[in-house]
Amino acid sequence: GHIMCIDNRPCKIIEMSTAKTGKHGSAKASIRAQDIFTSKMKEFIGPTGHNADTPFVVNKEYTIINVDGDDVACIDAEGNEVQGVVLPVHDKELASKITKKWDELQESGEEKEIVIMVTSAMGESHITTMKERNL
């Protein structure tokens, strides 16, 4: 569950194993990880003695106040408007779910709001989850 950089991408470690030292060098690590934004699998094989870069990952919850095309207008917990949030490009299912739920709430007038989790790392920010909350 740790996060590390593989091919300059932030990845969540799924599986890790090590091979013992052989007659041709140091022990080797084999790491399988999943890109936290695109969900693509990545693999790293290298010496166990080398350092690994770890990205600084920030998760923030925002409340949606409008969805217009791909743009998502949001506010944070303090009520400040957040700029630059867009529907997920790599997760069409989540993008569709957000748009559909927003349209349903606008038509029905239910006393609910949509809360999204925005994950930021290495200069990128993406919507990673969505949930409904009663007002």
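**View 1. Thr63 faces Val115 across a strand pair.** Thr63 stands opposite Val115 in strand S8. Here S5 meets S8: the two run antiparallel and are joined by 6 bridges. Strands pair if DSSP finds at least two bridges between them, and a strand is a DSSP E run of at least two residues, while a helix is an H or I run of at least four, both numbered from the N terminus. Keep in mind that this is a predicted model, where local features need pLDDT of at least 70 and side-chain atom pairs count only at pLDDT 80 or more, though totals for chains, interfaces and linings use all residues. Residues are numbered from 1 along each chain as its sequence is written, and side-chain values use heavy atoms, with hydrogens and water left out.

**View 2. S5 also pairs with S6, in a hairpin.** These two strands are antiparallel as well, with 5 bridges between them. Look for Ile64, which stands opposite Cys74 in S6. At the turn, 2 residues sit between the strands, and Gly69 takes a positive phi near 65°.

**View 3. Here is the largest nonpolar core.** A nonpolar core is a set of buried Ala, Val, Leu, Ile, Met, Phe, Trp, Tyr and Cys residues joined through side-chain atoms within 4.5 Å. Buried means under 20% relative accessible area, exposed over 50%, and partly exposed in between (1.4 Å probe, protein chains only). This core has 18 residues, and those touching the most other members are Ile64, Val72, Cys74, Val85, Ile98, Ile116 and Ile127. Two or more residues each come from S5 (58-68), S6 (71-75), helix H1 (92-108), S8 (112-121) and S9 (124-134). H1 is the top contributor, giving 5 residues.

**View 4. Zoom in on Val85 and its contacts.** Contact means heavy atoms within 4.5 Å. Leaving aside residues up to four places away in sequence, Val85 touches Asp70, Asp71, Val72, Cys74, Ile116, Val118 and Ile127.

**View 5. Step back to see the whole chain.** There are 9 strands and 1 helix, and from the N terminus on they run β-β-β-β-β-β-β-α-β-β. The radius of gyration (taken over C-alpha atoms) is 20 Å, well over the 14 Å that the globule rule gives for 135 residues, so the protein is more spread out than a compact globule. That rule is 2.2 Å times the number of residues to the power 0.38. The C-alpha atoms fill a box of roughly 70 × 25 × 25 Å along the principal axes.
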